[in-house]
Amino acid sequence: MHQRPNKTKSTSHPSGSKGKPNERPSQQQSKMLFRRSVGKSIASWLYSFTQLFVIIGIFVALVYVYDKRILYGFAREAGWIHSVRNSPQNLDNNLSGLGPGKEGQENKKVQGLKEALAEPPDLGKENMNISPTQSVGEETGKGDEQLENILYHKKINEDKLETGEDYEKDKSEDGNMFTHHVLQVLTNSHTKPHLKTRFDVCIRSILRQSSLNLHFFFVVDKPSQEFIMEALQDTTDDGISKSKFQFTFLNIDDLGHDLAPYVTDLQTKLSGTHPYYRDTIFYLSLGIHHRGILPSYVKQIVILDTDLKFMNDIKLLFEFFNDFADDNVMAIAHEQQPVYRHLFSLYRSQNKGTIVGDPPPNGLTGFNSGVMLIDIERMRKSKLYKEVLTTEFIDKYANKYHFKGHLGDQDFFSLVSMERNELFYILPCSWNKQLCIWWKDKGYKDVFDLYFNCPDPIHVYHGNCNTNIPY
């Protein structure tokens, strides 16, 4: 029988094996899958790379917006740029903008600041006679109200500061009129508008009632310096102050750099994780007595937070200097919440009956640094104070009390007071009436009023932790 031929084609293969009809489509599919896989990998890598750059960009932008001086300070320390912000050539750009209708005053101020930077200012002559509320025509011949400020730059006369000489002709004439000195820190006001409002309330409440001629030292960044100039000009225009005043700007970067050698080690021992207080400026009061931090004619100074409202003459606050005992180097009020009851809680649990962290009048309550009176001369001479400014002291007692703080200088002074309470004159609660009640519902409701209550007439309200001052 004739057999019909097999129509199935046989395909030869290099391997000699029989081929399968779907082999070639499988190779094509594999290539396509490979290409897709490579493409997806590249796309995924590019996407991740882009995300990384976006995150870095956002971080840099946030840092820049939060505080431009961080980036500037890094570049300056690296030697990439040099500080020209306060040179006479840049005053037209940096210190203009005194508000509408003040062009003539602006020209006077800029010219005056250029002269101040060209040579050390003489505090005893024209620039010390600032009369915010009445014409100074008889004194200056200009016939209109004026407001002047002095830029204090330590670096200009560094050699004199190192030998203890004064930057502005010592106490000779400045001491005759402006013997009462006040220091305040204001930074980041351009990103936190509420700081401007609080400062304005504070400075007006001081000047409105002060019977003293005051010299203010403002620790500032550039935006806050410009704001303060405007605020004081407005205060002058409104006729708020009944006494004369002058003011000096201290650049926060320069001051922090000068302060760092004295406080950095102590700061490291005490600092918690709160980023706001890592800056050395929040330990300024610890090292303010070192020569070169302030002009040497400053013997005593009142350091104030900017979230205060004075209800009485600041002269009464300065009078507490006269009440210091022999060992007192500063005056400060107790903390009016159970903050240190909490921070010393481990020690308290291990030492039943201790007065550490107890409320006043008999407890070691801890302090609030919103209002401080610093006797700089006493600080310099005190052997006891020199002892507590050592890392050995802080190491020993931070370990003893299991203490780790996060509130800057007031943590330091609170820890020191557990062992050396004689260094401190205790201000009455009425001169720093703190309004914050954050700790009341944090497990301390039953004892809160023992810390918070202040039966005396209030002289200074303190709107700490962004509390409103309702008066």
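**Group meeting: loops, helix packing and salt bridges**

I start with Pro361, which sits in the loop between H14 and S8. Helices (H or I, at least four residues) and strands (E, at least two) are DSSP runs, numbered from the N terminus. The peptide bond that leads from Pro360 to Pro361 is cis, with omega near 10°.

Now the ground rules. This is a predicted model, in which local features need pLDDT of at least 70 and side-chain atom pairs count only at pLDDT 80 or more, while totals for chains, interfaces and linings use all residues. Residues are numbered from 1 along each chain as its sequence is written, and side-chain values use heavy atoms, with hydrogens and water left out.

Next, the overall picture. The protein has 19 helices and 11 strands. It has 471 residues, and 48% of them count as buried. Buried means under 20% relative accessible area, exposed means over 50%, and partly exposed is in between, with a 1.4 Å probe and protein chains only. The accessible surface is about 24,500 Å², and carbon and sulfur atoms account for 53% of that. These areas come from the Shrake-Rupley method with a 1.4 Å probe; for residues, only the protein chains shown count as cover. A contact means heavy atoms within 4.5 Å. Taking contacts between residues at least 6 apart in sequence, 78% join residues at least 24 apart.

Back to the backbone. Most residues other than glycine have a negative phi, and most peptide bonds are trans. Which residues have a positive phi without being glycine? Asn188 is one, with phi near 60°, and Cys465 is another, with phi near 50°. Asn188 is in the loop between strand S2 (180-186) and helix H8 (193-209), and it is buried because its relative accessible area is 4%. Cys465 belongs to the segment after strand S11 (460-462); at 48% relative accessibility, Cys465 counts as partly exposed.

On to helix packing. Two packed helices are described by the angle between their axes and the distance between the axes. The axes are lines fitted to C-alpha atoms, for helices over the stretch in contact, and the angles run from 0 to 180 degrees between N-to-C directions. Helix H10 (residues 252-270) packs on helix H17 (residues 391-400) at about 10°, with the axes 10 Å apart. H10 is therefore roughly parallel to H17. The cut-offs are under 35 degrees for roughly parallel, over 145 for roughly antiparallel, 65 to 115 for roughly perpendicular, and oblique for the rest. From H10, Asp265, Leu266, Lys269 and Leu270 meet Thr391, Ile394 and Asp395 of H17.

H17 also packs on H18, at an angle of about 75° and with the axes 10 Å apart. This pair is therefore roughly perpendicular. On the H17 side the contact involves Phe393, Ile394, Tyr397 and Ala398, and on the H18 side Phe412, Leu415 and Val416.

Now charges. Side chains of opposite charge can pair when their charged atoms come close. How many salt bridges does a search of the whole structure find? It finds 9. Here a salt bridge is a side-chain nitrogen of Lys or Arg within 4 Å of a carboxyl oxygen of Asp or Glu.

One of them joins Glu377 to Arg380, whose closest N and O atoms are 3.1 Å apart. The two are about one helical turn apart, because they are 3 residues apart in helix H15 (residues 376-381). Glu377 is partly exposed, at 25% relative accessible area, whereas Arg380 is buried, at 17%. Leaving aside neighbours within four places in sequence, Arg380 is in contact with His289, His290, Arg291 and Lys386.

Another salt bridge pairs Arg420 with Glu387, the closest N and O atoms being 2.7 Å apart. Arg420 is in the loop between helix H18 (409-417) and strand S9 (424-427) and Glu387 is in helix H16 (residues 383-388), so the pair ties together parts 33 residues apart in sequence. Arg420 counts as buried at 17% relative accessibility, and Glu387 as partly exposed at 31%.

Asp358 forms a salt bridge with Arg348, with 2.8 Å between the closest N and O atoms. Asp200, Arg204 and Asp238 are linked in a network of salt bridges. That is the end of my tour.
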